Amino acid sequence: MGEFRCVDRSLLNDWHVVAERSALMSNSAFTTRLMGHDLQVTLDGRYNLRVVELDTGEEVCSDSRYGFIWACLGRPERDIIYLPETNEADRHLLSGGSIAVRVSGLRAVENFLDMGHFPFVHTGWLGDEPHTEVLPYNVTITAADEVLATDCKFLQPFASPTARAAMLVDYIYKVFRPYTVALYKSNPLDPDRKDLIVLFIQPVDEENCIVYSYLCYLKRGLEAAAARSFMQLIFAQDKPILENQRPRRLPFDPRAETPIRADAVSVHYRRWLRDRSVTYGAIAYPV
Ligand SMILES: [Fe+2]
């Protein structure tokens with residue numbers, strides 16, 4: 001198991017989701033694994049949360065936010081990410097469920113950023129042939145050190161649970177942290193505002209992850225349950241594609257996979273990880 005343990009300091013000192021809050025039964029233990037470390041999560045009563053490393057019996061930092069349980073194996077260098085949209089009263093805020101995927105969590109982030117797969121993987125929902133072209137978009141690194149892709153547009157037959165017709169959807173993607181990625185997409189009923197979907201990805205080890213989705217959809221015309229089923233339908237289409245990717249870890253070597261223009265955000269994401277020495281879940285190569 002040792003080879004699957006994380007040595008990246010920034011990941012060890014960061015927060016990661018390790019459970020959905022609703023999956024924890026009071027007074028019973030839940031076991032999971034984070035970056036090769038087996039953890040036991042317990043909740044006594046409503047508030048007494050403990051996350052303990054099974055090998056050593058030592059407690060690690062833990063917290064509960066956005067309906068998820070978070071843990072940090074080292075010393076937290078920053079807070080859990082802040083999402084201002086969670087303060088907007090006209091949004092549903094809910095978990096879109098969790099799904100275990102046999103691939104590196106970095107691959108799951110990259111797939112989430114990739115518009116090119118919509119017509120082929122989410123046919124009839126997020127894309128359709130012959131509309132397969134990914135139009136040029138912009139990628140920047142923000143002052144807060146996030147990867148940001150803007151001006152992304154894609155024609156979608158059934159873009160969201162409230163869509164009634166095909167629409168040209170505006171997207172913004174943001175990679176907040178190596179294993180946390182979000183997309184903002186135009187709301188069909190209120191084109192000036194955007195629905196937000198965040199993926200919090202738990203690196204179980206370098207080749208396995210659990211993807212938790214957090215949905216911040218505008219409430220207008222939408223039941224929370226419909227938002228959740230839509231997310232689960234879409235992610236069930238991604239899972240087999242992700243599990244077929246080889247190698248399971250994300251290669252940093254640009255020669256390992258041929259980049260095309262549609263991959264601009266993925267090229268930036270890989271470089272951003274490499275420049276920050278985040279290699280857990282990746283195949284790094286000597287620079
Ligand atoms: Fe997908």
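The model is predicted: local features need pLDDT of at least 70, side-chain atom pairs count only at pLDDT 80 or more, and totals for chains, interfaces and linings use all residues. Residues are numbered from 1 along each chain as its sequence is written. The protein chain splits into domain 1 (2-72) and domain 2 (84-283), with bounds from an automatic or database domain assignment.

**Domains**
- The centres of domain 1 and domain 2, taken over C-alpha atoms, are 25 Å apart.
- In domain 1, 17 residues are in contact with 19 residues of domain 2; contact means C-beta atoms, placed from the backbone, within 7 Å.
- Helix 1 (9-12), strand 1 (16-20) and strand 2 (29-34) each give at least two residues to the side of domain 1 that touches domain 2.
- Strand 1 gives the most, four residues.
- Helices (H or I, at least four residues) and strands (E, at least two) are DSSP runs, numbered from the N terminus.

- Seven strands form an open, antiparallel sheet in the order 7-13-12-11-10-9-8; strands pair if DSSP finds at least two bridges between them.
- Strand 7 (91-101) and strand 8 (138-141) are at the edges with a single partner strand each, so one side of each lacks a neighbour in the sheet.
- Six bridges join strand 10 (residues 167-177) to strand 11 (residues 180-186).
- V175 stands opposite V181 in strand 11.

**Packing helix**
- Helix 4 (residues 224-243) packs on the sheet and touches strand 7 and strand 13.
- The direction of helix 4 makes about 25° with that of strand 7; axes are lines fitted to C-alpha atoms, for helices over the stretch in contact, and angles run from 0 to 180 degrees between N-to-C directions.

Technical notes:
Contact = placed C-beta atoms within 7 Å.
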